[in-house]
Amino acid sequence: MRRLRFAPGGAFESRQMRQFSSLRLVSALESKQATFFPCLSDCAVRLRAAPMRVFGGMEPMSKWIAPLASATAAMIALLMLAFHWPAHAEPSKDAAEYLSPGEVAVSADGRWLYVVCERSDELRIVDASTGSTLKSIAVGHVPRGLALSPDGRHIYVANSWDDSVSVIEATSLALIRTLPTGWEPTGLLTDKDDATLYVANRLSDDVSVIDLASGREAKRIPAGRGASYLTRSADGSRIYCTHVYPKLRGNRQAPESEITVIDTASQAVFERQELHDVAGVFHLALSADGRLGVAAQMRPKNLIPVAHVEHGWVFGNSIAVFGADAGGTVQVPLDELDRYFAMPFAVAIARDKSKIYVSTSGSDSVTAISVAKLLEFAGAHRELMANDLSASAHYVTARVAVGRNPRGMTLSPNGQRLYVANRMNDSISVIDTASDTVISTIDLGGSARITPRRRGEQIFYSARYAFQGQFGCANCHIDATFDGMQWDLEPDGFGKEIVDNRSIESLGGTEPFKWNGANPNLLTECGPRTAMYFYRSQSYDEHELNELASFVMAIPLRPNRYRLPGGELTAAQARGRTIFERTQYKSGRPLPRHNQCAYCHRGPKFTNRKLSYVGTFKETDISEMLDVPHLTNEAYSAPYLHDGSARTLEELWTVFNPNDAHGVTSDLTPAEIRDLVEYLKSL
């Protein structure tokens with residue numbers, strides 16, 4: 001049997017490991033901030049900025065410690081002036097300056113590129129030969145999906161925050177109508193006759209089936225959680241749907257996802273192809289002959305403490321290969337022994353089935369794979385290769401450096417060019433598929449001025465700060481939201497304080513952070529502790545840390561679909577609010593203040609920003625006291641409780657509140673519990 005090799009980091013590792021003594025001292029300094037002053041963590045950031053000078057023997061410790069102690073007050077004042085960000089999240093003031101191209105398609109004659117720009121809310125039509133923009137067409141808010149009709153007459157754009165699809169006539173380039181969809185439409189395509197439009201809705205977990213003759217939604221097909229991207233088989237008989245969030249399985253379970261296969265004749269689910277140990281599945285591609293399918297995916301190792309980054313035991317970046325050629329489903333690593341290729345996003349298969357291309361959005365690259373070599377290797381090692389970091393050497397033929405955060409890709413009709421949308425620097429990389437090299441870069445015209453907030457966004461979506469580039473912020477906060485996972489983080493001890501990953505939308509006014517409330521601000525949350533316990537690498541310098549915090553604090557709330565257009569409450573929501581705000585038992589006896597929902601969950605974000613006891617302590621927990629979470633858009637971020645035990649909002653009280661510690665609910669009827677839940681969904 002071939003020995004599997006899970007190597008540490010090689011030469012690069014030694015440099016990073018030498019910095020650990022500095023990081024441990026910095027972490028100790030940082031940990032004092034809650035006692036003395038929150039901004040003391042900035043002093044730690046400055047000390048971390050030059051660890052090799054102090055701890056590499058270049059300068060004595062005494063030269064740095066004394067000045068650091070005497071200058072702490074001045075440093076605090078300086079940093080507060082130099083690196084200030086608002087206490088509350090604000091809409092991004094520089095959003096209009098950037099384009100953020102997320103998807104790209106090419107016309108049947110290869111002349112035109114169609115580019116969806118998420119930040120500028122537009123579709124750009126670009127001359128593929130000259131790189132000039134012919135026209136920009138305004139579409140809905142935060143467009144994410146793009147599809148062309150089979151005859152090339154229509155262009156469809158999914159507007160994820162407007163719950164709509166913009167339909168554009170390809171000849172006149174005129175917006176001819178807007179179609180309603182489900183919640184947060186992301187991927188879309190038509191059937192082979194351009195009679196029916198299918199739209200994957202990320203937040204309603206389904207696929208809209210829209211009759212294009214009438215423009216009406218005919219039905220919804222239940223998909224998996226976070227339904228996002230669609231691909232049609234060559235004969236048009238099947239549509240394949242992937243999902244960015246894992247299934248809800250309960251506390252401390254390995255992730256599971258699926259590829260939902262829809263039969264277009266019956267417009268119903270034909271099959272659900274299981275993907276084990278997988279969460280975060282993005283684009284999928286099928287070969288022209290229908291015998292090979294490839295999906296971009298991540299393999300989170302959430303049952304293992306986040307302490308073995310050097311062994312690849314946090315995230316595996318991979319593709320799922322399936323179909324007749326593969327003889328079933330095989331999970332294929334993209335990573336190497338000492339380099340990782342984070343967040344695989346888009347997939348393209350050459351028409352002659354010679355190569356597979358995968359954009360790795362966290363690593364600013366495109367991976368080229370030999371199909372023949374891959375199938376040969378997988379045939380011999382399929383049971384062992386999913387976690388084998390040496391496997392990719394047998395089938396990866398090229399790593400092509402492109403722009404920042406490469407997302408959507410498309411092959412030219414003749415297969416000679418691969419176009420890659422670089423979301424974080426507003427460009428298209430053009431790859432020659434014969435040599436697998438970038439031959440040109442198309443500048444789409446975004447602002448050349450990079451603001452601190454934009455740099456923070458670039459940092460957020462990059463994996464280069466982690467050890468050997470294994471993962472970044474966006475791995476756990478997909479598209480700046482959450483991942484639906486629970487993690488065992490080392491700072492709290494192995495097997496202790498298992499935590500559910502919370503959403504990071506509109507964080508201003510919700511401090512402190514962490515479920516135990518230990519981190520008073522984002523500098524602490526994302527600072528040296530991230531370098532030491534997560535990235536295992538010297539990560540952000542002081543400027544990058546503040547830029548990252550600036551971006552995260554500006555992440556807005558997605559639209560809440562449970563609210564009526566005018567903001568008024570439904571009858572059920574109004575009844576739920578009465579329960580939420582009550583101060584008495586049904587008997588008229590006063591409720592203890594700490595058992596009133598609105599006491600802990602108050603203010604604009606529905607949190608008093610304090611610790612509270614809710615009776616959910618487990619043997620894996622260290623403290624019974626938990627940070628009171630904010631409730632805005634809580635409906636989207638299941639599972640619930642600090643460790644993800646509750647799969648639904650109902651389970652908070654029907655399963656996990658036997659002693660009325662988490663609000664008094666024992667005197668409520670099932671109908672009243674449902675009303676309370678309806679109100680919470682509207683927040």
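Strands β11 (residues 206-211) and β12 (residues 216-222) run antiparallel and are joined by 6 bridges. Keep in mind that this is a predicted model, where local features need pLDDT of at least 70, side-chain atom pairs count only at pLDDT 80 or more, and totals for chains, interfaces and linings use all residues. Residues are numbered from 1 along each chain as its sequence is written, and side-chain values use heavy atoms, with hydrogens and water left out.

**Strand pairs and a sheet**

- A quick word on terms: strands (E, at least two residues) and helices (H or I, at least four) are DSSP runs numbered from the N terminus, and two strands pair if DSSP finds at least two bridges between them.

**Tyr240**

- Tyr240 sits in strand β14 (residues 238-243).
- Tyr240 counts as buried because its relative accessibility is 13%; buried means under 20% relative accessible area, exposed over 50% and partly exposed in between, with a 1.4 Å probe and protein chains only.
- Beyond its neighbours within four places in sequence, Tyr240 is in contact (heavy atoms within 4.5 Å) with residues including Tyr229, Leu230, Ile259, Val261, Leu286 and Phe322.
- Gly293 is 53 residues away from Tyr240 in sequence, and their C-alpha atoms are 9.8 Å apart.

**Helices α8 and α12**

- Helix α8 (residues 452-460) packs against helix α12 (residues 542-553) at about 95 degrees, with the axes 7 Å apart.
- That angle makes α8 roughly perpendicular to α12; the cut-offs are under 35 degrees for roughly parallel, over 145 for roughly antiparallel, 65 to 115 for roughly perpendicular, and oblique for the rest.
- Axes here are lines fitted to C-alpha atoms, for helices over the stretch in contact, and angles run from 0 to 180 degrees between N-to-C directions.
- Among the residues making the contact are Arg453, Ile459 and Phe460 of α8, plus Glu547, Leu548 and Phe551 of α12.
- The contact residues split into 6 nonpolar, 2 polar and 5 charged; Ala, Val, Leu, Ile, Met, Phe, Trp, Tyr, Cys and Pro count as nonpolar, Asp, Glu, Lys and Arg as charged, and the others, Gly among them, as polar.
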